[in-house]
There are 2 protein chains.
Amino acid sequence: MSQVSIRDDEVDIVIAAIEPDLTSFLEEWRAIFSRFHLIIIKDPDVKGELKIPGGFNYDTYTKADIQQIIGPSNAATFSGYSCRYFGYLLSKKKYIISIDDDCIPAKDTKGIQVDAISQHINNLSTPATPFFFNTLYDPFCKGADFVRGYPFSLRSGVSCALSCGLWLNLADLDAPTQALKPELRNTRYVDAVLTVPARAMMPLSGINIAFDRELVGPALLPSFKLAKEGKFRWETVEDVWTGMCVKVVCDHLGYGVKTGLPYVWRKERGDAIESLKKEWEGVKLMEEVVPFFQSMKLTPAAKTAEDCVIEIAAAVKEQLGRIDPVFTRAADSMVEWVQLWKTVKTRT
Amino acid sequence: MSQVSIRDDEVDIVIAAIEPDLTSFLEEWRAIFSRFHLIIIKDPDVKGELKIPGGFNYDTYTKADIQQIIGPSNAATFSGYSCRYFGYLLSKKKYIISIDDDCIPAKDTKGIQVDAISQHINNLSTPATPFFFNTLYDPFCKGADFVRGYPFSLRSGVSCALSCGLWLNLADLDAPTQALKPELRNTRYVDAVLTVPARAMMPLSGINIAFDRELVGPALLPSFKLAKEGKFRWETVEDVWTGMCVKVVCDHLGYGVKTGLPYVWRKERGDAIESLKKEWEGVKLMEEVVPFFQSMKLTPAAKTAEDCVIEIAAAVKEQLGRIDPVFTRAADSMVEWVQLWKTVKTRT
């Protein structure tokens, strides 16, 4: 695996419109986004016309489009933050980048605005090194290299399939932590990218990510919906679930996952104490979910991301289904998603 | 596991004197080291009197002391960088910190001098989290916490047994990389500490480390000597080998390994191209060493670091011994070291 070069027209930026007015969001990102094609999906539960300023190259999709393309029965899958997955489904580009609409560009330690898109592209276009941890972080970053003792046979690395960015200001905490520490803000800018080692699981956040759709697109899926979740990230764990699916798929197929740069600046939204009243069940369910994914072993028959997802779904149903019906529904959604992925791919 | 507090008199700073004159080294570190007890071991191959400025609390050991305590047959084990292991053996403190004598205090991004000792102590006194990767790095650092999705049952963490610090300026590269990129310097100050996930191996560097001697002391061992290595780090892989031993022991016994802060500033020393002429064999041997440690599984009978080292030594002899005699010698040294550790412990 050597460095690849990525053209602007190989990238879709997918935006989930949780609020209909994207004016201030897109103005903040204008200098960074305007070279790229945007796919904007309007949360089907949201009322009001989408407002998008001029000068962007984009396609928008609303509830009507979702229903037309996939039929009314599936529409619920794409509500709230999950509407972005509809964009993942329709994209024909090799790379997808997705950033929440309550985030604006961050500044680095020198006060310079971070170009999150070019940093994600850099992460995806250079190899990942999941089989041995490099203590000086990503050896493909400028000025870095492999540390003494790093086996030469592993230095070519593997394709990076997923790049997980981070957040300054409002960190991505769960509702209990956010409610307990209302003043806590993330101010630490860590100037590093690293490959998450093979077989280690991590909590993916869908707030600020990029991935290679051709390699792992079908594993970036909506499926794990909590009964009482709302429109705040801290009420959801769907993306955390998705992240563990992708990580298992990457470990099995020999791709890498990077985390670290780029940062985005997350603005305040919502009331964590209000969220706590919903008897948020995500905390409890993670106790089952994490050991499940940590011990998940796919068979050699799983040769594509689609195959892997189907195997994971079967294991979810069998091993987790008896614990809580949310898992059975997740397994069914995963199978349905792969079918949808194949249908859309054939149709277009 | 909750945060522990570490007293100054629970710490030994072990210094390997590769050059006899430690004046400028210790003057640079005076403000940071002077509260602690130092153990200074003079490389038995080095000529000339040790020079140590006043105002430090220290004990020194030379070739004569080594021979007296362990007998002449073992003295060769403690030559060059390995002489520090004699300090590990004699220390009676719970924590050991060791920094190479060509390193001086680094400065952080704000230009403030880094107190490497207090940062190492901080790493060792707060829990490690090897069983799930936290994307915002060490959750026990000031201002940090666990990210959404992190299982609550894993948030108490485990004891941190080893803290691996990093280097600015001259990075810890191997001789071929250093020779190929003579201008390469590490200038990136990454303001982070992280736990290396369980089962992931990394290239430990002995340049700047701290560990809990009571938990893993016997695994911090001298044993893997290349035939033609000299007095430059890039000619050695002994510490890399040691690091994988400790990591396997930590994974087995349920302790954590942290890497990242603190940085030290490494000064220039040696000529990498000259080193290359020695047909440096470390690069080649790592191709066997890394897969060996990655697949190493200890038995439930191994309940202490000593037990673990004996099991690893037996596997080294059996699985690697036939590849190269250096491995057989390493296995013998490991067994000898554990015997020495037990003897010294009983005697004192």
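## A buried tryptophan, and how to read this model

W341(A) is found in helix α11 (residues 325–347) of chain A, where helices (H or I, at least four residues) and strands (E, at least two) are DSSP runs numbered from the N terminus. This is a predicted model, in which local features need pLDDT of at least 70 and side-chain atom pairs count only at pLDDT 80 or more, while totals for chains, interfaces and linings use all residues; side-chain values use heavy atoms, with hydrogens and water left out. Residues are numbered from 1 along each chain as its sequence is written, and chains are lettered from A and ligands numbered from 1 in the order in which they are written.

**Around W341(A)**

- With a relative accessible area of 4%, W341(A) is buried, a word that stands for under 20% relative accessible area, whereas exposed means over 50% and partly exposed lies in between (1.4 Å probe, protein chains only).
- Leaving aside neighbours within four places in sequence, W341(A) is in contact with Y88(A), L89(A), R213(A), G217(A), P218(A) and E306(A), contact being heavy atoms within 4.5 Å.

**How the two chains are related**

- Chain A can be laid on chain B with an RMSD of 0.0 Å by a turn of 180° and a shift of 0.0 Å along the axis, the superposition being by least squares on the C-alpha atoms of residues with pLDDT of at least 70 in both copies.
- The two copies are therefore related as by a two-fold rotation axis.
- In chain A, the C-alpha nearest the axis belongs to V190(A), and it lies 2.8 Å from that axis.

**Where the chains meet**

- On each side of the interface there are 59 residues, those of chain A being in contact with those of chain B.
- Because 100% of the interface residues of chain A are also interface residues in chain B, the copies meet through the same surface.
- About 5,100 Å² is buried between chain A and chain B, and carbon and sulfur atoms give 58% of this area; buried area is the accessible area (1.4 Å probe) that two parts lose on being put together, summed over both.
- R148(A), R188(A) and P203(A) supply 17% of the area that chain A buries against chain B, which is more than any other three residues.
- Across the interface of chain A and chain B there are 10 salt bridges, each a side-chain nitrogen of Lys or Arg within 4 Å of a carboxyl oxygen of Asp or Glu.
- D191(A) forms a salt bridge with R188(B), and the closest N and O atoms of this pair are 3.5 Å apart.
- The largest share of the side of chain A that touches chain B, 5 residues, comes from α9(A).

**An enclosed helix in chain A**

- In helix α4 (residues 116–125) of chain A, 7 of the 10 residues are buried, so this helix is largely enclosed by the rest of the structure.
- Among the buried residues of α4(A) are I117(A), H120(A) and L124(A).

**A buried aspartate in chain B**

- D100(B) has its place in the loop between β4 (95–99) and β5 (103–105) of chain B, and at 0% relative accessibility it counts as buried.
- Not counting residues up to four places away in sequence, D100(B) touches F25(B), Y81(B), R84(B), G206(B), I207(B) and R233(B).

**Backbone features to look for**

- Most residues other than glycine have a negative phi, and most peptide bonds are trans.
- The peptide bond from L261(A) to P262(A) is cis, with omega near 0°, and P262(A) is found in strand β9 of chain A.
- In chain B, a cis peptide bond joins L261(B) and P262(B), with omega about 0°.
- Y137(A), although not a glycine, has a positive phi of about 65°; Y137(A) lies in the loop between α4 and β6 of chain A and, at 5% relative accessibility, counts as buried.
- R199(B), also not a glycine, has a positive phi of about 75°, and at 38% relative accessibility R199(B) counts as partly exposed.
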